[in-house]
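Please keep the sequence and the coordinates open while reading.

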Amino acid sequence: IRANGGDSWCICMWATASLIEKAGCDNVHINCQATDVAYVQQQYQDGSKNLDSAKVCLQKKCSGAASLAQARPVEWIGEVGSHA
């Protein structure tokens with residue numbers, strides 16, 4: 001990642017929630033501008049993983065984006081193979 005000028009790694013919601021539970025919110029670095037906070041805040045789980053820990057951490061670290069997420073509904077466009 002750094003060899004290409006990057007500084008972040010994208011991971012899915014369930015992996016983020018698991019990481020936060022294991023390492024603690026203060027020890028997890030989140031790039032709020034690169035995170036779809038609105039989408040995460042409107043989800044309850046990813047697969048079978050409860051996302052409450054991720055949502056609380058996003059609220060703490062990305063408060064401006066998290067507040068916006070509560071006010072703005074997510075428009076689902078769908079993707080190939082979805083049941084939208």
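Apart from residues up to four places away in sequence, Val40 touches Met13, Lys55 and Leu58, where contact means heavy atoms within 4.5 Å. Val40 is found in helix α2; helices (H or I, at least four residues) and strands (E, at least two) are DSSP runs, numbered from the N terminus. With a relative accessibility of 9%, Val40 counts as buried. Buried here means under 20% relative accessible area, exposed over 50%, and partly exposed in between, with a 1.4 Å probe and protein chains only. From C-alpha to C-alpha, Val40 and Lys55 are 6.8 Å apart in space, while 15 residues separate them in sequence.

This is a predicted model, in which local features need pLDDT of at least 70 and side-chain atom pairs count only at pLDDT 80 or more, whereas totals for chains, interfaces and linings use all residues. Residues are numbered from 1 along each chain as its sequence is written, and side-chain values use heavy atoms, with hydrogens and water left out.

Helix α2 also holds Gln41, which is buried at a relative accessible area of 14%. The side chain of Gln41 reaches the backbone oxygen of Lys55 at 3.1 Å. This is a polar contact, that is, a pair of N or O atoms within 3.5 Å; within protein, one must be able to donate a hydrogen and the other to accept it, and residues adjacent in sequence count only if both atoms are side-chain atoms.

Met13, in helix α1, is buried with a relative accessible area of 17%. Not counting residues up to four places away in sequence, Met13 touches Tyr39, Val40, Gln43, Asp46 and Leu51. The C-alpha atoms of Met13 and Gln43 are separated by 9.5 Å, and the two residues lie 30 residues apart along the chain.

Which residues make up the largest nonpolar core? It has 12 residues in all: Met13, Ala17, Ile20, Cys25, Val28, Val37, Val40, Leu51, Ala54, Cys57, Leu58 and Cys62. The elements giving two or more residues to this core are α1 (13-23), α2 (37-41) and α3 (52-61). A nonpolar core is a set of buried Ala, Val, Leu, Ile, Met, Phe, Trp, Tyr and Cys residues joined through side-chain atoms within 4.5 Å. In soluble globular proteins, nonpolar side chains tend to be buried together.

In α1, the buried residues are Met13, Ala15, Thr16, Ala17, Ser18 and Ile20. They pack against α2, β1 (45-46), β2 and α3. One of them, Ala17, is in contact with Lys49, Asn50, Leu51, Ser53 and Ala54, leaving aside neighbours within four places in sequence. Just after α1, Gly24 takes a positive phi of about 90°.

The count of salt bridges comes to 2, a salt bridge being a side-chain nitrogen of Lys or Arg within 4 Å of a carboxyl oxygen of Asp or Glu. Glu21 pairs with Lys49, with the closest N and O atoms 2.6 Å apart. This pair links distant parts of the chain, Glu21 being in helix α1 and Lys49 in strand β2 (residues 49-50), 28 residues apart. Glu21 is partly exposed at 45% relative accessible area, and Lys49 is partly exposed at 22%. In the other salt bridge, the closest N and O atoms of Lys60 and Asp26 are 2.5 Å apart. Here Lys60 in helix α3 is linked to Asp26 in the loop between α1 and α2, 34 residues apart. Lys60 is exposed at 52% relative accessible area, and Asp26 is exposed at 57%.

The last step is the chain as a whole. Its secondary structure comes to 4 helices and 2 strands, running α-α-β-β-α-α from the N terminus on. Of the 84 residues of the protein chain, 26% count as buried. Among contacts in the chain with a separation of 6 or more, residues 24 or more positions apart account for 64%. The protein chain exposes about 6,300 Å², and carbon and sulfur atoms supply 52% of that area; accessible areas come from the Shrake-Rupley method with a 1.4 Å probe, and for residues, only the protein chains shown count as cover.
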